[in-house]
Structures are given as C-alpha cells and as structure tokens.
Amino acid sequence: MALVLTLLVGLASALASLGSVSLLLVLWGGLKTVLPLDAALAGGLLLGALAWALARRERLRPPPMVLAGLGLGLVWALAAGGDPYRLGLAPFWNLLAPLVAGGFAGLATGYGLREVRLERPDSEAWELVGLRLLRGAAFLVFVFMVVFPFWAMVAASLKPRAEFLADPANLGLPLHVFSEGFWPGLKKMLVGYREVLVTFKFLRYIGNTAFVSVSTMFITLALAVLGAYAVARLEFRGRAVMERAILLTYMFPAIVLAIPLYTIFTQLGLRDNLIGLIIVYLAQTLPVALYMLRSYFETIPASLEEAGLIDGCSRFEVIWRITLPLALPALASVGLYVFMIAWNEFLFAFMFLDTPELFTLSRGMVGLNSQEVPRQFLMAGAVIVTVPIMILFFWFEKYLVGGLTAGGVKG
Amino acid sequence: MQRGLKAREARLAFWMLLPTFSIVIAIVILPVIANFWIAFKPIQLGDLRPPRPAVRESVRSRPQAPGEALVVRYRVQNRTDNPITWARIEDALPPGLTPTELPQACRLQTAKIVCELPQGLEPKQTVNLTLRFTAGPAYFAAGAPYPRDTRPVVESKAPNPILARPFTLENFRVVLTDPDFWPMLKVTLAYTIFGTLLSILLGLFAAQLLSPPFAGRQVLRGLFLFPYVAPVIAVAFTWVFLLDPFAGTINALLLKYGFVHDPIPFLSQRYWPVQFFGLTVQLPLALTMVILFEGWRYFPFAFLFILARLQAIPGELYEAARVDGAGIWASFRFVTLPQVVGILATLFLLRFIWTFNKFDDIFLLTGGAAGTETITIKVYDFAFARANLGQGAAQAVILFAILALFLVVYFRYAPKGEV
C-alpha cells in the first residue's frame, strides 16, 4: 500500500511539474511543446519508488527528493540529446528547463509525503496526502489564474503588432530587440508607452486622474472625520437611523443615479467638468469613509479626549491634537480606499466627460479600444492605469487590506 | 445646565454632519427622486439642451452710393420641438443709417438694433425680420461696414422641458412591453446568482489555501487581491483582448494544443453547442464568460473576509476535533464551516446586491451583446443608446423596485456585526 501511495504522489508531482514548465515555455517562447508524457510517467514512477525506498529507513524529508528530481531531470535531458523540450537555445538554457521541471517534481513529491507514516499508511495518511496534492494543484491554478492576465497585459504592451499577430500564444518579452544594444532596444520595446503617453495624451489624463483622486481623498477625509467624530462621540437624536441611512446609500446602484445626475449636471453646466466629477465621487465615498472611521474612533478611549476637554481645549483642538494622531492608521486605510475608488471609477467619468482635455485615465482608455488602434497601445494604456494602484497597493498593503476589510470596497 | 450642554452637543453634531448630509442628499437622495420624476415624463436626451433660436442674418441689398437702401433680414428659427417663450436679438448698427421700415418687434438704440419677440416662437416656427435703411454719407465715411461682420447676440427664455412636459405612463408601457424584458430579467438573475456563488466559492477555496501559515503567504495574499484592486477598465480590456477570436492568446493556445479546430468567439456568441453524454446542450457562451469574469474579479473580496474569519478560529477547536477522531473532512465540516457560515451568508447577500447593481464589467466586456444584457445595461441602453431619458429612468425605477426587495431581505437577515 505504501508503495502505491508514493508512486501516485510521484506521478502527480511529475505530471504537474512537467506540465507547468511546458505551459510556461509555450507562453514564454511560443514553442510548440506538448507535455512530455513518457518522461513524466517514467520520472514520476522513479521518484515515487525512490521516496518509498527512502521512507523505509527514516521519515521522508524534501531535500533528498529535490536532489533526486534534479538528477532525474539531468538524466532525462542527456537521454534526449541535451534538449528534451526542443528549445534550440544555448546548452545552458536547454538544460535549465528539464532541471527545473525535475527539481520541482522532486520537491513536490517530498512535500506531498513529508512526515507521513509510510510503514502502515492508514486512511488518515491517504487523506493527508490527497489533501496536499489537491492544495498543490489549487495553488498552481490560482496563481496562474491571477498572474496570467496581468502578465499578458505587460507582455502585449511591449510587443509590436506584427510580432504579436504572428503568434498570439507567445507571451514572451521581445528580448531580441536588445541585440541592437540596450538603449535602442529599450526604446523600441517601450514605443507603445511613448505613443500612448504623448500622442494619445495619457500624460495629461494621468494629471487629471491624480487631481480628481487626490482631491476626492482629502475632501472625503476631512468631511468624514467630522461626521464620524460626531456619530462616535456626541449624543444626538437619530443616531441609529443615520447609521442605517449610511449603509443604505452604500447599496445604491450607480446606474440609477446616472440618469438624473446626467440631467441635472448638464443643466447646471457641471457635467463636462472635473469639479462635478469630484462631487459625485465624494457622494460615493463619504458614507463608507464615515462608517469606517466611526468604527475606529469608537475603539479610541473617550477618556483621553475628556482629559483634553477638561484642560480647556475646544472640541476641534481635541480632534486635531488627540483623536487624529491616534487614528492615523485608520486615516491611511480610508484615504487609500477612497483614492483607489476615485482612480478606478469608470461609469461617471465615461458619461460626464466629453472634452478630451478633461479625460481621466478610465475615460481615455475607451478611446484606445478601437480597431484602428493597435492592441499594443491598448495594453500599454491598461498598464499605465494599473501601475500606480499596484505600487500604492504594495507599499501600503497592510493599510489597504485593513481598509478593505473594515468597509468592504463597493464593487 | 445638563440640558444646555446636551443641546450644545446636539448642535455641534448637526454642524459636523451637515457637509456629509448635504452631499449625500444632493447627489444620492435628490437624484433618486428626480429619477422617479423623469420616469413619468416624455424626455429625450436632446431635450437637455435648452431650446435656443437660430438667427441668420442676410443682407438683401447693399448700398453703393449715399441715398441708396440697405436691407437686412434676420431669420429667427426655432428648430427644436420645444417652445421658446421669449427671444431678443441685439446687433450693432453701423453709423449713418436712417431707418425707412422697421418691423414692430424692432427698435433702434444708440448704435444698436434691438428686436424682441415677447411671444417667443412655437416649435419649428420661423420669423423673418426685415429692416430697411437709407445709407447716408456718414455710412460711407465709416468705410461702408458690412452688417454681417458683426454677429447678432441672441437671448432667449424657454420652459425647462423636464418641468414643463406633462406626466405620462408611456415610458413604463414601453419598458414593460419590451420583447427583451423577461429574457433580460432572466439573464440578470443568472448573472447575479452564479456570479455571486462563483466568487464566494473561489474565495472560500483561496482562503482555505492561505489559512495555514507558510513562507510567502503575505506575498500570495497580496497577489490574490490583484484582480480586485486593479482598475476595472484595465482588466476588462485585457480579458477582451485575451479572449479575442482572431488574435487572442486563449484561442491561439486552444488551437495550438488541438483542443478546438476553429477559434471560439467567447464574448460575441450567444450559444455554444456542447456535447454532454451524447446530448447537445446549448451553453450560453458569452453569459458564461461574463459570469467567469465576475468570479475571477470578485473572489478576492470573499477571500479577504473568509481568511480573516478563518484566522480567528482558535486552534484548540481543531485539536479537540482531532482528539475526537475527526479526519480532515470532518474537521472542515464540523469546525470550520460553522465558524464561517455567518460570514458566508453576509457575503452572499452583499455580493448579490452589488452584482445585481453591476454595470461596468458587462458593459466593457460585451456591451450587453450576445445574450448578456442585464437590467443595468438596459437602463443605459434606453437612456443613452436610444437617447430616451424617460424610458431609461422608467427602467431604473423597475431596477430600484427589485433592489428594494433585496434590501428588505438584507436588513432582515444579515447577521449583525459581520462586515
């Protein structure tokens, strides 16, 4: 029974590992590689048998299995004439792919069987190993599912149209441009970005979007701090009703507001106007911001503020000097959340803005989605819209995740 | 004393909440009321521009020597379908002109011609105002200015059609008897239910994956949030590009590996026949893709909340279950699931409502074509594609009525303290 278990794990690991490497090679190099099934089967069985033999002496640990996997990869590569994936590159690169595949298969086998009692595998052991295999597969699927579109976005933005049309399955970077030298190559690679930023005026749209998002963020924060403080600290009638009302506005569909706002703003002359856009974004973000800040203020002990009040500070001095410094993490969360909503917003920007000088990035992107514009430019635009949000996201991940869980981004 | 303090506190609260309240009332509450109003009025998109008379000035006769006549005609036209109640035209009067014939509406002021139409203009009405002058020497001394060189300034008043038009139920009749009405509701429901379930299910899986600690977990958590925090326009266009039947990567891969012989038009075909145990099932292809996108884009939301909940489960519970002989499935079923069921219910209600309200995603992916027209797309379609604001507003009222139903359910059944 133990042998069956180890063989199964070995096979699954080898199939997953060699299959993933094949897929990556197709996507990276546009090579017509299919899964090397015979190698995967043979390697998997060997790995499984080896794991079984090793586990008879002591509990199995991953490092020896990785070494075994690397060895098998090397043997396979040499048996196939040094280039089992038929890459046709320099010997080093030809060898790298089978080595990575083999090593990874060994690692997966080792982890799958780690600390499992192989002397007498009971149902628990089977369950544990089965779960590990499923987890491993799920990891591969999830990571691929999330990374693939973003990778495709970047790769396509760097590729000339003709090169892309010749082989749309190839999402590798066009590294051959560097053969002309680094700077000319880089310039050639980034031509889509230059076009989009200059010819399609995205530089201007970046400025507009930044203006709208930053203004929305600061105004929302200022107003939400006042409102949240009132709800959290002050006694007044109708507090409970207000909380409900805040939640309710949070569930309003933007499209229901779109027609009347379009009508009213057109007649007031606020429609094709960035200030009008900021006002709409304020209404979209204020209730949630207030709600999030209120929950945070309630965790700050009121006694600190009362001490300030007794010392003769006014309410606003208390807020400025005591409450806000304590609430800085919450302010960062809420601010980022508001910034993100305003930066990403599409519907109102699309409906309100007609004048190209006023376009935000979302609005400007619509113009790139046409048959006349190469897909390369469209993807370059997508990268330009996405990158600032991603940078913020990785810098302030802790705060952003806090903001997301505290309020839940509407979307 | 105590009472005065309380009143002061309430007043302070009022002032602190005033800005938020005014903005929410102005941009959320009033527009919803305005939407109901518009829904009962026959209003087109073009009615938003206030009707203004178009004025064309022509010179019928131009004097060549002193004593000859100068004839100017203003053709005032209301080209719109809305009445104009008052109009006034003002133009510069060259020097040295003596009026011989003026229409009743017109009079001369210092260096100005002023014509006023106190009755205004009916829709499509045209009024011609012909003015005759005799040119004196001063006119030629000033270089015989051509009257058309100065443009007439037009002022006008017109009732706002949104206020003036009569109330009608016509918009609702059009919307409710639309042949697509019931199919559209079915598509909306399918999109909402399956999109919600898929995103929560994927979120539950992802949270399970990342719940035990391991190296690189933080990075993966950040990675998993990508689809959700990235701008919708960027990810939607990326998927449109990837799924393109001619130059899309997905189709190219499928062709390369021989899974299909012809590219699949993922986002532009309504049905795709699928062989299923010898039966041919018509899979609603574009709708399925849109639902998959919904699951892909919003699973991080569910993931984040479920993960937070999972990490709050005390480890002793699992140990106790193990001691009691529970296997992996049993400990999931009897320890994990009861702990997350509350958050799952809340997430379902919340995401259900938000998915129902969703517009951007489908609009950017398919534009509502190929059997993906949901109710929000329909609102846009009536109001802007067909340029009929009244019908769009009526459709929005119906959307709102259905949403109100869901909201009642939400506030009744959503567990307190979650989300």
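A salt bridge here is a side-chain nitrogen of Lys or Arg within 4 Å of a carboxyl oxygen of Asp or Glu. By that rule, 1 salt bridge spans the interface of chain B and chain A. The model is a predicted one.

Start with that bridge. Its partners are A:Arg315 and B:Glu9, whose closest N and O atoms lie 3.2 Å apart. Side chains of opposite charge can pair when their charged atoms come close.

Now widen the view to the whole interface. Polar contacts between chain B and chain A number 7 residue pairs, with both residues at pLDDT 80 or more. On the side of chain B that touches chain A, helix H1 (residues 2-39) of chain B gives the most, with 18 residues. By class, the residues of that side comprise 75 nonpolar, 13 polar and 7 charged.

The contact draws 95 residues from chain B and 101 residues from chain A. Together the two chains bury about 8700 Å², and carbon and sulfur atoms account for 81% of it. Three residues stand out in chain B. B:Met16, B:Phe241 and B:Lys256 supply 8% of the area that chain B buries against chain A, more than any other three residues.

Next, turn to a helix pair inside chain B. Two packed helices are described by the angle between their axes and the distance between the axes. Helix H10 (residues 285-311) of chain B packs on helix H12 (residues 328-357) of chain B at about 145 degrees, and the axes are 10 Å apart. The crossing of H10(B) and H12(B) is right-handed. H10(B) contributes residues including B:Tyr298, B:Phe301, B:Phe305 and B:Ile306. From H12(B) come, among them, B:Val340, B:Ile343, B:Leu347 and B:Trp354. The contact of H10(B) with H12(B) has 12 nonpolar, 3 polar and 3 charged residues.

Finally, the overall tally. Over all chains, the structure holds 20 salt bridges.

How values were computed. Residues numbered from 1 in each chain as written. Chains lettered and ligands numbered in written order. Predicted model: local features only at pLDDT ≥ 70, side-chain atom pairs only at ≥ 80, totals over all residues. Heavy atoms only, no water. Contact = heavy atoms within 4.5 Å. Buried area = accessible area lost by both parts, 1.4 Å probe. Polar contact = N/O pair within 3.5 Å; in protein donor to acceptor, adjacent residues only side chain to side chain. Helix = DSSP H or I, 4+ residues; strand = E, 2+ residues; numbered from the N terminus. Nonpolar A, V, L, I, M, F, W, Y, C, P; charged D, E, K, R; others polar. Axes fitted to C-alpha atoms, helices over the stretch in contact; angles between N-to-C directions. Left-handed = near helix turned anticlockwise from the far one by under 90°.
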